Each structure stands twice: as C-alpha cells, then as structure tokens.
Amino acid sequence: MDARKYNIYFHTHTISGIIIAALLYVIFFAGSFSFFKDEIIAWQTGASTVARKPAPEYNFVIDSLSRHYNLRGRNLDFYTFRQGNGTYVNMSASMDSTISKPKKEQAGRRRGRGRRGGDGDSAYFSHYFSDKKTGSYADNYTMGEFLYRLHFLAQLNQVPLPVNLGTPFGYLLAGIVSFLFLFALITGLFLHWDKMVSNFFIFRPWSKWKTVWTDMHTALGVIGFPFQLVFAVTGVILIVNFVLLGPFGKVLFDGDTDKVYEELQYNRGLKVEYTYSPLEVSGFDLDKFVQEWQGKWGSNPVTRIHILNYLDQSMQVALESKADPKLNFAGSGFVLVEAATGKVLREKSPFTGTNYIDRVKSLVYHLHFGDFGGTPMRIVFFILGLMGCVVILSGIMIWLVARDKVSVPKHKRVFNFWASNFFMAACLSMLPVTAFTFIMLKAAKAVDQSLIYNVYFYSWLVLAVYLMLWRNLPLMNKQVLLLSVFLCAAVPLANGIATGLWMWNTWKDGAVDIFLIDTLFVLLAVTSAFAYVKVSRQAKPFNMLGKENVTPSERPGRPQQVTRRLKTS
C-alpha cells in the first residue's frame, strides 16, 4: 500500500473513531446487555417466563377497561411483550361522537411515544398476565427496557433543542454514530489488510503498554470485524431508515409516507366506517379468537392485536404474527376478520406467505438482535459486544500514547489527556454503575422510570467526575475494576436477600432466565477480579501533563549535533 492511501485510511480511521468513541462505547455496552432484555425483566420482576409462562387473558383487560370507559366505537391495540408475559394496550377515543367529543391537538405536543398515559379519553398502559398488574409505561418501566433504549440513545430524545430536526435527537445521534462507525470499520480493515494474517496471531502481553493496546486493538478488531460490520449496517438501517426511505417515498409514492410504511408492512392501513349500529353478536370472546388462530399458526406467536370499532356492527379484528426463528427464519402472519359474520377478509400465513419484505426485515432484525439461535447465540453476541468495548478502550489509549511526545506542544497534550480522561471515565464507570442500579432495584420499595433514571444517571455522573479528578488512568482502571468486583458480586446477593430467589433455587425451579442474570454478574465479578490482579501487578503509571517541551536536539540521551566548518585547501 502506498503512503498516500495509508495516510488517508489512517487519518479517516483515527478521526472517525475518536469522535464517536464514548457514544459508541455506550451503544456497545448497553446493547450487549440488551441481548438479555427478557431475562433482565424476569430478574427484576421475580417472575420467570421460562419456568411458568402465563396464559394471555385479553378479555380481562377489556373487562377492566369497560368499568372505567364506554368502549363502544373505540379502537383497541395490543402489543404483546416479546417474552409473552404481558402486553401494551392502546385505547383510542371512540368513533361515536356521542361518547367521545373530537379534540383539537394540543400545540407542541409530540407524536408517537408521546401518547403514553393517554389524554383522559384515550389510554396507553402496560398489563402483566401473571399478576394482573396494570400501570402506565413509566410505572412498569424495567431495567431491561432502559438498557435496550439506551443502546440507541433514546433517553437523549428528551433534550430540548432550539431547532426542529425533524426526528428525535437521540435517534439521529445514534444513526450518525453508526454511520461513522461504519467508516472506522472499513478504513481499519484497509489499514491492516496487508498484514492481517501475520498480525492476527501476534499478541505480546509482556511488552510495553502501547504494544499491548495495539495488539489487542488489532487482534480483537479483526476477530470481531464481521460482527461489528453487521451491527453497523443493521444499526444504520434500523435507526435512520427515514433517510433511506425519504427519497424513495417522494419518487415512488409522491411523498405519501403512510403509504410507504404500509407497503413495508409497518402499518396495515386498517380503516373501517363507523355505522352507529350495535354489534348483533352477543359479546366477543377475544381470548378464544386468539387461541383459534394461534392453533393454526403453531409456535409462531401472535404479536399484535387490532380491534376496530369495538361493539359496532362494522367491528373488525386483526392479528399479526412473527415467524418462530427456530422453524422459519423469515415470515409473518396476518389475518383480518369481520366480527359480525366471522368472514376472513384478509389472510397471510407465516408458513407459506413469506415475501421479499419479510425476508429483508427478518434478516435485519435477527442479525441485529441475535434471537435466531436461542440463548447460546445471544451469549456469543454478548461476548462479541464486550470485545467491541475493549477495542474502543484500546483505541483511545493508542490515540493518547501516540500523541505522548515531547515534540507536541503542551497545550495539545493537555487537551489530548483530558479528552482521553473524560472518555475513559465515562466508559469504564458504566459497569459498576449498571451493577449498582441492579442492586437498587431490589433495595427500593417501588421501581419506576424515574427511579431508574435518577439512580443510573446520577451515579454515573458522580463516579465519572470522581475518576476524572484523579487524573491518573492506571489508578482509574484499578478503582473501577475493584468496584466492579464488589458490586457485580452483590447483584445475586441482593436478589436472594430481597426475594429469596437464590441461584440454587432458580436453577432447581427451572427459572433459567433469572439464573442466567445472576450467573452473568458472578462471571463479570470474577473477570473483574482477574483483571484487577493483572493490572495491579503490571500497570505502569505515566505522566503526560508533567512533561516539558524540548527541541529534538535537547532530548536526553541523544548527542547534540555539532556543525563543523571544513577547511579548504
């Protein structure tokens, strides 16, 4: 490779990598834990969905709503949890003007997820089938949901901005990070292309630290490259698809975005004219209806239920299903039935109705969430995700030490050090903060969205600032590792003390999901202890801020050049 191309790849890789380092670490760290979102929810609630999976009771939810609302003419949507132990419920205002008066949309009100909680006449809440617990989205908020949404920076959507970006700020930022990460991956591969095979087997742990970090960055980066490339590409598609769909929507659909999402099977475009005539059929058994179609679709779970114009003669019921990845990697089911006559208006089998859109969407989703190979595959994805975190940290240290030269002006070295100090403090503190939040979930009497936000973000801020003030990276590393040992080991202890769900009990009862989270933190504690011992023995302090600038001729250990005038005869 010629010098010009090498310099282009090197600087592109370095600049794109250091700009997104901290945010990319947050995405990788939170995303790694998000592979166990269902298990984390089971651990927090103490209700295993593996040992005992509750039967869905949608009639109970409808009966509960009917005690507080007149449901005639309303649309009811059920979005079942991925683990099947509950559902989100969205109830619209009634189409009957004698029941619900049309309301003007409030100025400045956000669309989409802003509907949570309802507006008095509509409602949005979550319901658990096991304990019949119903509450708002914030009341039933879980740590699994928090980490899942943190991995695409959804919490930053609440940041007030002076300008309207046209999309939530957190999603946009996550998309930009994913796009720059794609640049860093490809340029990094080009940098090591010539020596990929030879350097793949080189790791010198007893050499100087810059060599250790370089070998770690190169070896782990090459090993995890396919995984990281898949995540970068699928992440861009999932989080900033509006950028990709916008031009196609304008050219092919005349700017009709609703039609675009309908063609992509995100929206079904279900519209029924309200007749103001009561349903002649006495009652409607939704549970029986769902069980009937679930029996036809086998192990392909029903994921969404839509009821249009409830108790009106025009009432229609739609079910959506996703293919079980163990049986069919791609596919989706859909059925639309007229409630009054039982006539099937539209039907698509998850077994035989697979189309091109199903295959593409399934490919992107399964590769990103790692749910196509069961728990072993998610464990592999978790390890590869943490390897990505190590690659990021080693990249930061390489960037810092490469600029630790006396020829670099001191103000630049000070900036480089504080940038790295900030990045390392923010990144390294995530593990102990996550473990501390898990412990507080068991110590608190009531857990909701506000508690999780306050505990996680404030403890993260305090610990990161504390570590930064030391201005000592090796000491920072040792303190974080030692803190991680105690806090990670305390997670299964807190669970056992608070709920009695000790690891041996959950294993004996078949609550593998709860057992997995306790085991995960035990392994993290052991790994942190091993790393702490190694770092304590081998870590060498270095001081970048105390160095003074000298000219090359004044460097110690190097003889000064002497210019002599030659005599001419």
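**Group meeting talk: a walk through a predicted model**

Okay, let's start at glutamate 39, which sits in helix H2, residues 37–45. Before I go on, keep in mind that this is a predicted model.

So, is glutamate 39 buried or exposed? It's buried, with a relative accessible area of 8%; the cut-off for that word is under 20%. What does it touch, apart from neighbours within four places in sequence? Those partners are Arg378, Asp513, Leu516 and Ile517.

Now zoom out to the helix around it. Eight of the nine residues of H2 are buried, so the rest of the structure largely encloses this helix. If you want to click through them, the buried ones are Lys37, Asp38, Glu39, Ile40, Ile41, Ala42, Trp43 and Gln44. Just after H2 comes glycine 46, and there the phi angle is positive, about 75°.

Let me give you the whole protein for a second. It has 19 helices and eight strands. Of its 569 residues, 44% count as buried. And if you take the contacts with a separation of 6 or more, 69% of them are between residues 24 or more positions apart.

Take helix H1, residues 3–34, and helix H5, residues 169–191: they pack at an angle of about 140°, with axes 7 Å apart. That angle makes H1 oblique to H5, because the roughly antiparallel label needs an angle over 145 degrees. The crossing of H1 past H5 is left-handed. On the H1 side, the contact includes Tyr6, Phe10, Ile20 and Phe28, and on the H5 side, Leu173, Phe181 and Leu191 are among the residues. Sorted by class, this contact has 16 nonpolar residues, six polar ones and no charged ones.

Here's a second pair to set beside it: helix H13, residues 374–402, and helix H14, residues 410–428. Their axes come within 10 Å and cross at roughly 165°. That puts H13 roughly antiparallel to H14. Once again we have a left-handed crossing, with H13 passing H14. From H13, the contact uses Leu393, Ile396, Met397, Trp399 and Leu400, while H14 brings in residues including Asn416, Phe417, Ser420 and Phe423. How do the residues of this contact divide? Eleven are nonpolar, two are polar and none are charged.

Now for a loop. Asparagine 300 lies between helix H11, 286–297, and strand E5, 302–308. Is asparagine 300 buried or exposed? Its relative accessible area is 1%, so asparagine 300 is buried. A polar atom of its side chain lies 2.8 Å from the backbone oxygen of tryptophan 297. Not counting residues up to four places away in sequence, asparagine 300 also touches Gln294, Ser321, Lys322, Ala323, Asp324, Pro350 and Phe351.

Last stop: isoleucine 357, in helix H12, residues 356–369. With 22% relative accessibility, isoleucine 357 counts as partly exposed, because buried means under 20%. Leaving out neighbours within four places in sequence, isoleucine 357 is in contact with Glu263, Leu264 and Gln265. And glycine 331 is 26 residues away from isoleucine 357 along the chain, with their C-alpha atoms separated by 8.9 Å.

Definitions and conventions
Residues numbered from 1 in each chain as written. Predicted model: local features only at pLDDT ≥ 70, side-chain atom pairs only at ≥ 80, totals over all residues. Heavy atoms only, no water. Axes fitted to C-alpha atoms, helices over the stretch in contact; angles between N-to-C directions. Helix = DSSP H or I, 4+ residues; strand = E, 2+ residues; numbered from the N terminus. Parallel < 35°, antiparallel > 145°, perpendicular 65-115°, else oblique. Left-handed = near helix turned anticlockwise from the far one by under 90°. Contact = heavy atoms within 4.5 Å. Nonpolar A, V, L, I, M, F, W, Y, C, P; charged D, E, K, R; others polar. Buried < 20%, exposed > 50% of the residue type's maximum accessible area, 1.4 Å probe, protein only. Polar contact = N/O pair within 3.5 Å; in protein donor to acceptor, adjacent residues only side chain to side chain.
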